Amino acid sequence: MPQERPNVLFILSDDHTSQSWGIYGGALAPYVRNEHIRRLADEGCVLDNCFCTNSISVPSRAAMLTGQYSHRNGVYTLDDALDPALDNIAKRLRDAGYGTALVGKWHLKREPSGFDRYSVFYDQGTYRDPLFKTPETWIDDTEGVGGIPERGFSTDLVADKAIRWIEERDTTRPFLLCCHFKATHEPCDFPERNALLYDGVVFPEPENLLEFGPGASGRTFLGQPLETMARRWRNAYEEPENWWTDYPELPFRGVEGDSVANRRAIYQKLVRDYLRCGATIDDNIGRLLDALDREGLAENTVVIYVSDQGYFLGEHGFFDKRIMYEEPLRMPFVIRYPKEIPAGTRNGDIVLNVDFASLLADYAGAEAPAGAQGRSFRANLRGETPADWRRSMYYRYWTQHEIRPAHMGVRDDRYKLIFFYGDCAGMTGSDDIATPPSWEFYDLQADPHENRNAYGDPAYAEPIARLKRELLRLREEVGDTDEEHPRVREILRRNL
């Protein structure tokens, strides 16, 4: 008899970085409340080298659905929308007989396609009393505010909807249920039950928290320092009617006249809010796992929990993401499937967000979406990595800002090479201003926290030259050759 096809519960969070999961080590690991994330890790497999191909929410989500890089699915920046006509994994599984549903954060602006049912936030959603859009109330985000408000805290509400769908599902069909939380995205809010969590705790600091500017490390861009977050807190408190969101526990009182003490104070508030927000995700992962147990579904359900990208929590003095440094690049990922994946295992293969659609299609016995560029890593999860599995990965962040230039890069198991080409290439949401091209190179074995740009070090001449060749090879392989962006091609050619 053929094996029963598994259900899929795909749990996605926003910006829930690996430093805050507690299963990837790091200074914050002893403080993280992660009972249910750890349960998934103990009962399944943790990916140690899962990466996004464009570290910003909208493009990363499009890559997961379509299996395509940004230049193929047309979702390059935060301001772009996913064309509903494009093929995606939900369409493929529905065609293969699966019931499909989506709840929570969508953020791809146009109507979700491939789902039998959906209930998703307007835009990226709010933490409290969010607007939910359904097929009956849908208008594109680009056309105006849509949806019906529902009272409650967003993470809890999304889990409620997912659990209700599981309980009311068509039991004659396997299912794909996408449960997408807003958390831990800024403003990192949390429900009242977690408001006292970490009171009085002083969190350990990253070693490069006090990196003020690029001088010491040799990095070639300004980035987004923690002080910018403090200004947002102040603006939101002093002029709430003119600010885009609310932050918890304001006002924030910094330390005037002492830049070191002030940065440390900002860091402590950010991490406290963030870990409270993350604890709320863990609460609801537990509720979802309990629902599978009650319904007798745990054994035959693939459960994935992953974040759409990582996030800086004070490393280099930064917050936010977007840069091809390790903190934003990494996608923490855990998967449980008792019938096939050995419990309590870890996998170090390079896995990308463009691979997810192919993996789910493989489990479902379906075809991957048309034009998918990824590859199923089902065998890898069993401990049977194919001999020809990738040894390097390609990344590109397309949005151009002076503090955070557009860039592309390559990473293998030891080295990383980044080229900040600094041109808008006509991308939405970009500044039409060029920044000087620059290279950064890191030996992740000798310098895991990327504290020293070694691009000019003659000792690394050979790996730098090799990674430049690999960058060009991967651009050809994935079809990102900038035929439509001659300025970018010329900038790269002149700086190789």
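Which residues in helix 1 meet which residues in helix 7? On the helix 1 side they are Glu 35, His 36, Ile 37, Arg 39 and Leu 40. On the helix 7 side they are Asp 282, Asp 283, Ile 285, Gly 286, Leu 289, Asp 290 and Asp 293. By class, the residues of this contact are four nonpolar, two polar and six charged. The model is predicted.

**Helix packing**

Helix 7 spans residues 259-294, and helix 1 spans residues 35-43. Their axes lie 7 Å apart, at an angle of about 50°. That angle makes helix 1 oblique to helix 7.

Helix 7 also packs with helix 6, residues 226-238. Here the angle is about 70° and the axes are 9 Å apart. Angles of 65 to 115 degrees count as roughly perpendicular, and helix 6 and helix 7 are therefore roughly perpendicular to each other. Helix 6 passes helix 7 in a left-handed crossing.

Which residues make the contact of helix 6 with helix 7? Helix 6 supplies Leu 226, Glu 227, Met 229, Ala 230 and Trp 233. In helix 7 they meet Asn 262, Arg 263, Ile 266, Tyr 267, Lys 269 and Leu 270. This contact divides into seven nonpolar residues, one polar and three charged.

**Pocket and cavities**

Rolling a probe the size of a water molecule over the atoms shows where empty space is left. The table sets out the volumes and the classes of the lining residues.

| Space | Volume | Lining by class |
|---|---|---|
| Largest pocket | about 570 Å³ | nine nonpolar, six polar, seven charged |
| Largest cavity | about 150 Å³ | twelve nonpolar, one polar, two charged |
| Second largest cavity | about 50 Å³ | three nonpolar, three polar, two charged |

The largest pocket has a volume of about 570 Å³. Its lining holds 22 residues, and the closest to its centre are Gln 19, Gly 26, Glu 315, Glu 327 and His 449.

How many cavities of 30 Å³ or more are there? The count comes to four. The largest cavity is lined by 15 residues. Nearest its centre lie Phe 10, Met 64, Leu 65, Cys 178 and His 180. Strand 1 (7-13), helix 2 (57-66), strand 8 (175-180) and helix 9 (356-364) each give at least two residues to this lining.

The second largest cavity holds about 50 Å³ of space. Its lining is made up of Thr 53, Tyr 69, Ser 70, His 71, Tyr 394, Arg 396, Trp 398 and Asp 480. Helix 3 (70-73) and strand 15 (392-397) are the elements that give two or more residues to that lining.

**Backbone exceptions**

Most residues other than glycine have a negative phi, and most peptide bonds are trans. Another joins Glu 186 and Pro 187, with omega about 20°. Thr 184 is in the loop between strand 8 and helix 6. Pro 187 has its place in the loop between strand 8 and helix 6 as well.

Glu 249 is not a glycine, yet its phi is positive, at about 55°. Glu 249 sits in the loop between helix 6 and helix 7.

Technical notes: Residues numbered from 1 in each chain as written. Predicted model: local features only at pLDDT ≥ 70, side-chain atom pairs only at ≥ 80, totals over all residues. Heavy atoms only, no water. Axes fitted to C-alpha atoms, helices over the stretch in contact; angles between N-to-C directions. Helix = DSSP H or I, 4+ residues; strand = E, 2+ residues; numbered from the N terminus. Parallel < 35°, antiparallel > 145°, perpendicular 65-115°, else oblique. Contact = heavy atoms within 4.5 Å. Nonpolar A, V, L, I, M, F, W, Y, C, P; charged D, E, K, R; others polar. 1 Å grid on protein atoms, 1.4 Å probe; cavity = no way out; pocket = protein on both sides within 12 Å on 5 of 7 lines; lining within 4 Å. Points joined across faces, edges and corners; volume = space filled by probe spheres on them. Left-handed = near helix turned anticlockwise from the far one by under 90°.
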